[in-house]
Amino acid sequence: QAQRDQDRQALESGINWKPDASTQFSWYRYSDRLGGPETLLMDQTIDRMLLSRNFGALGQVSWEQERRDFDGEQNRTADSVRNTVAVEAKVSANTSLRTEQSQTQYNAGNRETVSAHTVSTGLTRGAGISVTDVRIARSGASYRTRSGGDRSVASEPRAHRVGVLGPSRRR
């Protein structure tokens with residue numbers, strides 16, 4: 001009987017507005033709710049807002065905020081707010097630089113910061129290379145060390161990604 005009294009509501013909406021050729025504003029919301037007349041089993045909402053501006057030869061700057069809210073008896077996920085700032089610029093005809101800083105704040109007070117720096121260059125007309133240095137720092141996190149013990153960390157080792165860029169595939 002309790003199953004029949006439950007109702008589910010899902011909502012997805014978004015706006016994408018370009019006031020001029022160089023500026024973009026986007027907003028997106030996803031909401032999902034499951035519950036009955038006496039209990040809320042699950043309620044989750046994701047709001048994402050993006051603002052970007054292309055400054056021509058100086059490059060492009062973007063800011064994004066994503067807010068995740070979770071509630072309900074069956075939901076154990078922590079609420080969070082992530083802010084990301086990215087800057088990208090072309091330094092020559094076939095080389096570009098990009099830096100991205102992202103910080104996520106969790107409702108329990110923990111924080112994660114991700115920094116990524118990328119250099120991309122074209123080697124030939126149809127191929128190139130991209131190198132990214134990624135650093136992740138977490139507060140309040142712990143991870144298992146190689147010796148088997150737990151260790152609280154303020155920062156984790158950084159990662160490097162190297163990719164080979166090929167020609168675009170057109171359909």
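First, some ground rules. Residues are numbered from 1 along each chain as its sequence is written, and side-chain values use heavy atoms, with hydrogens and water left out. As this is a predicted model, local features need pLDDT of at least 70 and side-chain atom pairs count only at pLDDT 80 or more, while totals for chains, interfaces and linings use all residues.

On confidence, the average pLDDT (the predictor's confidence in each residue, from 0 to 100) is 84 for the chain, and 80% of the residues score at least 70. Please look at residues 143-154 with care: pLDDT stays under 50 there, and the model has 17 contacts (heavy atoms within 4.5 Å) beyond four places in sequence for that stretch.

Now the overall picture. The chain has 11 strands and zero helices; these are DSSP runs, with helices being H or I of at least four residues and strands E of at least two, numbered from the N terminus. Of the 171 residues, 25% count as buried, where buried means under 20% relative accessible area, exposed over 50%, and partly exposed in between, using a 1.4 Å probe and protein chains only. The chain exposes about 12200 Å², with carbon and sulfur atoms supplying 50% of that area; accessible areas come from the Shrake-Rupley method with a 1.4 Å probe, and for residues only the protein chains shown count as cover.

Let's go to Asp-43, in strand β3, residues 40-54. Is this aspartate buried or exposed? Asp-43 counts as buried, because its relative accessibility is 18%. Its side chain makes a polar contact of 3.3 Å with that of Arg-33; a polar contact is a pair of N or O atoms within 3.5 Å, where within protein one must be able to donate a hydrogen and the other to accept it, and residues adjacent in sequence count only if both atoms are side-chain atoms. Asp-43 also touches Asp-71, among others. The C-alpha atoms of those two are separated by 5.0 Å, although they sit 28 residues apart along the chain. Asp-71 lies in strand β4 and, at 46% relative accessible area, is partly exposed.

On to the charges. Side chains of opposite charge can pair when their charged atoms come close. A search of the whole structure finds 13 salt bridges, each being a side-chain nitrogen of Lys or Arg within 4 Å of a carboxyl oxygen of Asp or Glu. Which residues are linked in a network of them? The members are Arg-48, Glu-64, Glu-66, Arg-68 and Arg-82. Within it, Glu-64 pairs with Arg-82, the closest N and O atoms being 3.5 Å apart. Arg-82 also meets Glu-66 in a salt bridge of 3.5 Å, N to O. Arg-82 lies in strand β5 and Glu-66 in strand β4, so this pair ties together parts that are 16 residues apart in sequence. Glu-66 is buried at 6% relative accessible area, whereas Arg-82 is partly exposed at 21%.

One further salt bridge joins Glu-112 and Arg-138, with the closest N and O atoms 2.7 Å apart. That pair links strand β7, residues 111-122, to strand β8, residues 128-139. Glu-112 is buried at 17%, and Arg-138 is partly exposed at 24%.
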